[in-house]
Amino acid sequence: MAGLGWDDVERRLAALADRPVRRLPGDGPAASFGRSAVLLLVCPVDGVPSLVLTRRGVGLRQDGGLIALPGGHVDDGESVEEAALREAQEEVGIDRAVVVVAGRLDDAWSKYGTVVAPVVGSCEVLPELHPAPGEVDEAIVVPVEDLRRPTRVEREVGGHRFVDEVLDLPSCRVIGLTADIVLALVDWLDDRSEDRFARRVALLDAVHGRRSGRS
């Protein structure tokens, strides 16, 4: 869908609530993983649909300096939606009261042993963003249009070939898990079918299934 407008985004976000969420099997390699959630916040900026990203604090032990989505660990008794909103408020100062949660995308997983729930939300106006010192070095707002042209790189894991996608943007470079989740959102907004979830499960089995002796 070329020239995606804000009305188009709102229609697709409204449809997300009825989309079944595919979850990683509870009896598979991810059974012992922790839970985390990220927020994909889409807002109009001068009428242009845009997404909020962060640059993690360069001094952080995990992925310092890399581009990410606001998010983190799901606390006991907390839903993934609540966790994503709480983390976005803590990391970049987004008032959860102004975010309309549209729904969820399919489960993903991280190399640190967590199942990641991507939560999609929107705001009528881009909120003021206040990066948490030491945790987030920069909040970056990127037009959705700029997220449509990934570079694809093949790699082999456990005898299986997989495709990694990288987004080289004017303001930053998005790789790995974040790129995969962002591109899943773009797929949905563009009403395009691409089975990223099946690739995630296959890679999970190739990496963690092999470690546990399943393959």
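The model is predicted, so to speak of local features a pLDDT of at least 70 is needed, and side-chain atom pairs count only at pLDDT 80 or more, while totals for chains, interfaces and linings use all residues. Residues are numbered from 1 along each chain as its sequence is written, and side-chain values use heavy atoms, with hydrogens and water left out.

Let's start with the strands. Helices (H or I, at least four residues) and strands (E, at least two) are DSSP runs, numbered from the N terminus. Two strands count as paired if DSSP finds at least two bridges between them. Strand β1 (residues 34-45) runs antiparallel to strand β2 (residues 48-56), and 4 bridges join them.

E128 lies in the loop between β7 (114-122) and β8 (136-143). Is E128 buried or exposed? With a relative accessible area of 62%, E128 is exposed, because exposed means over 50%, buried under 20% and partly exposed in between (1.4 Å probe, protein chains only). Setting aside residues up to four places away in sequence, E128 touches V92 and G93, where contact means heavy atoms within 4.5 Å. The side chain of E128 also makes a polar contact with the side chain of H130 (3.2 Å). Such a contact is a pair of N or O atoms within 3.5 Å; within protein, one must be able to donate a hydrogen and the other to accept it, and residues adjacent in sequence count only if both atoms are side-chain atoms.

On a 1 Å grid over the protein atoms alone, a pocket is an open set of points where a 1.4 Å probe fits, with protein on both sides within 12 Å along at least five of seven lines; lining residues have an atom within 4 Å of a point. Grid points are joined across faces, edges and corners, and a volume is the space filled by probe spheres set on the points.

The largest pocket has a volume of about 1300 Å³. Its lining has 47 residues, of which W109, S110, K111, L177 and T178 lie nearest the centre. Helix α4 (residues 196-211) gives the most to this lining, with 7 residues. By class, the lining of the largest pocket divides into 21 nonpolar, 11 polar and 15 charged. Here Ala, Val, Leu, Ile, Met, Phe, Trp, Tyr, Cys and Pro count as nonpolar, Asp, Glu, Lys and Arg as charged, and the others, Gly among them, as polar.

The second largest pocket has a volume of about 260 Å³. Among its 16 lining residues, R19, D106, D187, R192 and E194 lie nearest the centre, and the classes are 4 nonpolar, 1 polar and 11 charged.

R200 counts as buried at 7% relative accessibility. Leaving aside neighbours within four places in sequence, R200 is in contact with D106, D107, A108, W109, D180, I181 and A184.
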